[in-house]
Amino acid sequence: MAAAKKRTLSGIEDVGDRKAKVIKDSGEKRHIAALILARGGSKGIPLKNIKVLAGVPLIGWVLRAAVDSKQFDSVWVSTDHDDIEKVAKAWGAQVHRRSPEVSKDSSSSLDTIQEFVRLNPEVDVICHIQATSPCLHPFHLKEALEMITKQGFTSVFSVVRQHHFRWQEVKKGGSVATQSLNLDPSNRPRRQDWDGELCENGSFYIYTRATIERGLQGGRWAYYEMLPEYSVDIDVDIDWPVAEQRVLRFGYFGLDKPEVVRLLLCNVSGCLTDGRVLISVSGEEMVSVNTRDTMGIRMLQREGVEVILISSSEDLLTKALADNLSQRTGCEVRQLGKDIQCEVKAMMDDRDLDWKEVAYMGNDAPDVDCLNLAGLSAVPRDAPVVAINAAKYSCHSAAGLGAVREFSEHILLLKKKAKSQMEQDRIHRNTF
């Protein structure tokens, strides 16, 4: 992964900054907290912060980066909404229930952060991470925080370099001609001959406690430059498809390398099928299987991933149906008892596999333990909330309507991404 470029710009230093520097020099450990603001009343996209983006709730992308960075003594989500609170806790965050006074449309980020600081006196450094920046990686946070902890800055914010020619706005009906704001029109530079301009990308802002008590930015400040591919911000629905493609390519998918997945366990009822069993007048039982899903299974098998279809004793899948499914998909179909986790672990032991080498697709409460433990896990779009909160990927497709194909493609995409990164790392090692 290419290292992010960064430059610093110093500001003035005041009494609060000198006090912070004294604490730093004394060796006293400071409590560093990550804080994500996630109000429930988004005007552009309702409940935007937990809307699923590339299989993960939007806020989940930044929470995963924050938790995996291992830079924070605590990770918080500030919200006024019950559903956001549930998702935040599922992704490893503590929750600050903000007061009604800072939950209004007119409330500013500063108001909310200052309330959090007042209620958490142990916090010395606050890293305010925007939930709408899903391409944030742990290394961004680590490098930016070192500018606070090792270089003595009191305020650090993320920027991106842009190459946009800007012009003065002329109000409708105005007679004044527009003027260029950042170029000489008679000598327009080529992109490669122009450094561009640094603009805040809104990914994160880091402050010492003394700084935030006075305002958002101040004291001895600096910027941290992120590459354009990591600078994604979502404001309106039209941004969503573009952000989804960007995050699939440049997003952070966790500490485990997805290329090690060697086994997919997939529930028949509620994943491969829509959960219904059709019974004819003569007593014959039938289920409907989507050909897109069976093709997805074949794609995994061609890439060396073993696929086992599982059903619980409550599904009452007849032997005839199981044999037909096995023949059509080329998979073993195995019926499990009530202790699904124990039986899955036995299958893993037979194959000498660890949880990170297993992908699991389930659809309800009995699957929660396996969804949590598996290296990759998924649920169909119409799964109950308890399963959705446990899964690492939530499909756009419903059960029996392409969800298995979608998860198969997600697994293969992550394997391809990881292999590409491994090849890039090998090139760097051999070159340098």
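Which strands does helix α4 (residues 109-119) lie across, and at about what angle does this helix run to β1? In this predicted model, helix α4 lies across β1, β4, β5, β6 and β8 (197-208), and its direction makes about 140 degrees with that of β1. The protein chain holds 14 helices and 17 strands, and 48% of its 432 residues count as buried.

- The average pLDDT of the protein chain is 83, and 85% of the residues score at least 70.
- Residues 1-26 have a pLDDT below 50, although in the model this stretch has 64 contacts beyond near neighbours in sequence.
- Residues 422-432 also stay under 50 in pLDDT, and for them the model has two contacts beyond four places in sequence.
- Among contacts between residues at least 6 apart in sequence, 68% join residues that are at least 24 apart.
- The accessible surface of the protein chain comes to about 21600 Å², and carbon and sulfur atoms account for 51% of that area.

**The seven-stranded sheet**

- Seven strands form an open sheet in the order β5-β4-β1-β6-β8-β7-β9, and their pairing is mixed.
- The edges are taken by β5 (94-97) and β9 (221-226), each of which has a single partner strand, so one side of each is left without a neighbour in the sheet.
- Direction ignored, neighbouring strands of this sheet are turned by 30 degrees against each other on average.
- Strand β1 (residues 32-37) runs parallel to strand β6 (residues 125-129) and is joined to it by five bridges; within this pairing, I32 stands opposite V125 and A33 stands opposite I126.
- Strand β1 is also joined to β4 by five bridges, again with the two strands running parallel, and here L37 stands opposite S78 in β4.
- Six of the six residues of β1 are buried, so this strand is largely enclosed by the rest of the structure.
- In a regular strand the side chains alternate between the two faces of the sheet.

**Helix α2 and the residues at its end**

- Helix α2 packs on the sheet, where it touches β1, β4 (74-79) and β6, and its direction makes about 160 degrees with that of β4.
- S69 lies in helix α2, which spans residues 58-69; with a relative accessible area of 9%, below the 20% limit, S69 is buried.
- Leaving aside neighbours within four places in sequence, S69 is in contact with P138 and L141.
- K70 is placed in the loop between α2 and β4 and, with a relative accessible area of 64%, is exposed.
- Most residues other than glycine have a negative phi. K70, although not a glycine, has a positive phi of about 55 degrees.

**Nonpolar cores**

- The largest nonpolar core has 80 residues, and those with the most contacts inside it are I59, I129, F204 and F407.
- The largest share of this core, seven residues, comes from α2.
- Not counting residues up to four places away in sequence, I59 touches I36, A38, N49, I50, V77, V87 and A131.
- Another core, of 22 residues, lies apart from the largest one, and L265, I308, V358 and V368 are among its members.

**Two further residues**

- L198 is found in strand β8 and, at 32% relative accessibility, counts as partly exposed.
- Not counting residues up to four places away in sequence, L198 touches V159, V160, R161, Y223 and E225.
- The C-alpha atoms of L198 and S158 are separated by 9.5 Å, while the two residues are 40 apart along the chain.
- D352 has a place in the loop between α11 (340-350) and β15 (358-361), and with a relative accessible area of 66% this residue is exposed.
- The phi of D352 is near 55 degrees, a positive value in a residue other than glycine.

Terms used. Residues are numbered from 1 along each chain as its sequence is written. Side-chain values use heavy atoms; hydrogens and water are left out. Helices (H or I, at least four residues) and strands (E, at least two) are DSSP runs, numbered from the N terminus. Buried means under 20% relative accessible area, exposed over 50%, partly exposed in between (1.4 Å probe, protein chains only). Contact means heavy atoms within 4.5 Å. A nonpolar core is a set of buried Ala, Val, Leu, Ile, Met, Phe, Trp, Tyr and Cys residues joined through side-chain atoms within 4.5 Å. Two strands pair if DSSP finds at least two bridges between them. Axes are lines fitted to C-alpha atoms, for helices over the stretch in contact, and angles run from 0 to 180 degrees between N-to-C directions. pLDDT is the predictor's confidence in each residue, from 0 to 100. Accessible areas come from the Shrake-Rupley method with a 1.4 Å probe; for residues, only the protein chains shown count as cover.
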